[in-house]
Amino acid sequence: MTDIAGNAAPLEPGGPLGTLGPAGDMVTVATPVTAVPRSAWRLLLRRPTFIIGAVIIVFWVFCAIFGHAIAPYNPLEQQLLFNNTGPSSAHWFGTDTLGRDVLSRVLVGARDILVVTPLATILGTILGTALGLAMGYLGGPFDLVVGRFVEAVLALPAVIIAFLFIVALGPSTTTLIVVIGLIFTPLIARTVRAAVLTERNLDYLSSARLLGERPLRIMFREILPNVMPAILVEFTVRLGYAVFAVATLSFLGFGVQPPTPDWGSDIAADYSGLLAGYWWQVLFPALAIASLVTAVNLITDSIEQVLNS
Amino acid sequence: MTGNIDHKRLGRLREDQGEIANHIIDEFAAGRLSRRDFIRRATVVGISVPALGSILAACGSSSTSSGTSGSTATATGAPGAVIKAGIVTPTAAINPVTVADQGGLDMLAQTGEYLCLSSQTLQLQPVLATSWTPNGNSDIWTFKIRQGVKFHNGQALTADDVVYTYQLHTNPKGNANALSAFGGVLAPAGVKKVDDFTVAFHLSAPNGNFPYLTSSDNYNMIILPKGYDPTKWESTFVGTGPFKLGSYTPKSGATFTRNASYWGKKALPSQTVFTFYDSQNPSILALTGGTIDVVGQFAVSGAEELLTGNYNIIKLKSAAHRQLSMRCDQGPFTDARVRQAVALTLNRPQIVQALFKGYADVGNDSPFAPVFPSTNTSIPQRTADVAKAKSLLTAAGHAAGFSTQLVTEQFVEIPQYAQIVAQAAQEIGVKINLKVESSSAYYGKATFGNSDWLDATMSLVDYGHRSVPNVFLTAPLVTTNAAKGTGPWNAAHFKNAQYDKLVGQYIAASDVSSQKTIAGQIETLLLDQTPIIFGYFYNYLTATAKNVTGVYPTAIGHLFLYNAAKS
């Protein structure tokens, strides 16, 4: 089966660049398979790590949808005279600088990150897959030119690229999705290209070519199903990074605008209060981010292991 | 005035004083000036401290209480300490002509000295000038320069050095930061040497507050030796002050040693050590960890630990504030009732409590901060009144409310303040969408059409402290006229001929009672028009370790350590 882990490892943002030539791609896709086998789902559901990750994600998705209904207070309601109060029975997670309930803000704050993160990752995966398929299958000058361009983009720190775009386009949820999606595109394209390269010279593709199938059909009908496991794992890995990316950009003030609750921007707004001992204002949103990233990674690991088994 | 007035004695004293000084004496004798305001005005027009004491005595008021001397003269600590202070990093080279930031001005004043000091209570105290007097029109001010003063390089101070320094800073073709204050007030040709120890300033227009421009308030104006190249200053820090340069490392820190041949009372510390901090948190950690003894300035937000009683807090009333402007030329804010309605939603005492733990004064939607002696306090304070706000909005045809955008910067408590404003406005159906930008993006090019600060429908900006309200009254509120250079910061696009006229009168007025009368008219007009919401004026806060005494900050940003001691 696909050596997916080895494929994904050198592609972390800002990480060392793997060589792009065919010799440097240590990918071994043995035989054509048909997408992800149905039995994989049954295997996944038997893994406790997957169940734990899924439960956490389902919880946050629930909060994202029904946050306003289950939050004990209006997350925007200020009680200036009761600001910076510690956790109590009235406010389980305490209150922030403006006297807003931290618990309510954490619950409702799940919304934007859970909208932006998957959409950005899906966008990056779709674009990256298309690009990777084209690079891997067409090869030649196209691969060479686009490959160098991808390398150039990867050489820049992701946050700097995001800054450039967001400053130019102005901060908004849509911008965030597009920017993170575009940053992920070359990363995912490289993984997909590597997977395609090993497929390219296999017999079933030679047959398809002899039968006179068009390149687009070969790429999307013949190759795509066979590199799907690699894309699936890449998607979940990127999802974890997207959570970090969104939280980071929000923390830096490029995400959701106040007063909308958001984990990253809430930490940014209140972290100076740490010195004064208001730990609850930062700890709970930080734990929320951590739990979401952990959950995504638990699921990623499970999928990877199931596909490898 | 309640004391018995010795008119005979007062009459003799009046003979020694000029016309303007006598007007102030009359105001005081007639009870139109409080004792505190009288002392403040008297120091401006150059009535000497001994004369002041006699006048107060003649008017039946004690001359011995705190007012006249200021706290600089009261030193009780032991000499010889090494005082370690943390201040904000200077942003550029320490060039007396171009310095425009707090870290930089702090450095200037460690070794340099001004003609006079604007004290914590806004009284002027003689430093390198021993006295100053206006002519009858207050457009020529004559300053007597102190004799027997030596620069750190051994050169003696004379009127030539003062003339050189002032011509350097007033050169309209130069890049002097002080031009913002001297523009239209003093030109190089107006700086004239009378004799070796007398300088006359011939002003472009009468200005009753001119001595403030020679004081520490105009922080660039330390006196340099004649012919000294200000771009080289960073290597010598040459001045006349109680400390001499030990070492200076850009972006890192500086040390200063006691000047043994200082003309006045020698500094108490044997050495001072300054460490530069780019942000507040590390400086507070340094103080709480004992690495430094003094934090030059801190904001309440993030420094709550210092307010627990374990540190000495020096709290100065200041005029530093935030201005929330509403575009008077853009709907729906073209209607003054709409602007009033938004202002009426704010519960200011609560805001001051939440954002500053009470270390701020409530604002009354005009630049007249409580700290200014000319502020007319008889004008009622605006308080929260949602019902009235709603009816005003209905009368203006916005019963259902409206939606607008407020643009502001990521700076200290400003984003929190913006959220409070947005939340309060919701009570009257006004939905304010916030856009919080980095300061540089927000200011843009700082010209109309190229700046979110000046172009946004609602804009929330920071203003530092000034000792007189003149800049606050003119730059952000007077009708913008690019040719005349007026109203360059008028983010509200406020245009009111009556206001412009009143401000002209206010600036020309040289006595507090007429300033107060005009201030009252301005305050009333601004409450009615409300182009800008002045929510609060926050205090200037300095913290020291419990065992440190004698630290003297000013709200402009100075940190004087010459009387500092450790126990």
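This report walks through the cores, a helix pair, the chain contact and a few local features of a predicted model.

## Nonpolar cores

Let's start inside. The largest nonpolar core holds 175 residues, and the members that touch the most others are B:Leu128 and B:Val421. Helix H14 of chain B, residues 414-426, provides the largest share of this core, with eight residues.

What does B:Leu128 contact beyond its neighbours within four places in sequence? Its partners are B:Glu113, B:Tyr114, B:Leu115, B:Ile145, B:Arg146, B:Val149, B:Leu157, B:Ile223 and B:Thr240.

## A helix pair in chain A

Two packed helices are described by the angle between their axes and the distance between the axes. In chain A, helix H11 (residues 263-270) packs on helix H12 (residues 280-308) at about 155 degrees, and their axes are 9 Å apart. An angle over 145 degrees counts as roughly antiparallel, so that is how H11(A) and H12(A) run relative to each other. The crossing of H11(A) past H12(A) is left-handed.

On the H11(A) side, the contact is made by A:Trp263, A:Asp266, A:Ile267 and A:Asp270. H12(A) answers with A:Gln281, A:Val282, A:Pro285, A:Ala286, A:Ala288 and A:Ile289. Sorted by class, this contact has seven nonpolar residues, one polar and two charged.

## Where the chains meet

The contact between the chains draws 21 residues from chain B and 17 residues from chain A. On the chain B side, helix H10 (280-288), helix H12 (348-356), H14 and strand S16 (430-437) each supply at least two residues. Of the elements on that side, H14(B) gives the most, with six residues. By class, the chain B side has eight nonpolar, ten polar and three charged residues.

## Local features of chain B

Which residues of helix H2 (residues 19-29) of chain B are buried? They are B:Ile20, B:Ala21, B:Ile24, B:Ile25, B:Phe28 and B:Ala29. An α-helix has 3.6 residues a turn, so residues three or four places apart point the same way. After H2(B) comes B:Gly31, with a positive phi near 85 degrees.

B:Met221 sits in the loop between helix H8 (210-213) and helix H9 (233-236) of chain B. Is B:Met221 buried or exposed? With 27 other C-beta atoms within 10 Å, B:Met221 is buried. Not counting residues up to four places away in sequence, B:Met221 touches B:Tyr114, B:Thr165, B:His169, B:Ala178 and B:Thr214. B:Pro373 lies 152 residues from B:Met221 along the chain, and their C-alpha atoms are separated by 24 Å.

Notes. Residues are numbered from 1 along each chain as its sequence is written. Chains are lettered from A and ligands numbered from 1 in the order in which they are written. This is a predicted model: local features need pLDDT of at least 70, side-chain atom pairs count only at pLDDT 80 or more; totals for chains, interfaces and linings use all residues. A nonpolar core is a set of buried Ala, Val, Leu, Ile, Met, Phe, Trp, Tyr and Cys residues joined through C-beta atoms within 7 Å. A residue is buried if 20 or more other C-beta atoms lie within 10 Å of its own, exposed if 12 or fewer, and partly exposed in between; C-beta atoms are placed from the backbone. Helices (H or I, at least four residues) and strands (E, at least two) are DSSP runs, numbered from the N terminus. Two residues are in contact if their C-beta atoms, placed from the backbone, lie within 7 Å. Axes are lines fitted to C-alpha atoms, for helices over the stretch in contact, and angles run from 0 to 180 degrees between N-to-C directions. Angles under 35 degrees count as roughly parallel, over 145 as roughly antiparallel, 65 to 115 as roughly perpendicular and the rest as oblique. A crossing is left-handed if the near helix is turned anticlockwise from the far one by less than a right angle, and right-handed if clockwise. Ala, Val, Leu, Ile, Met, Phe, Trp, Tyr, Cys and Pro count as nonpolar, Asp, Glu, Lys and Arg as charged, and the others, Gly among them, as polar.
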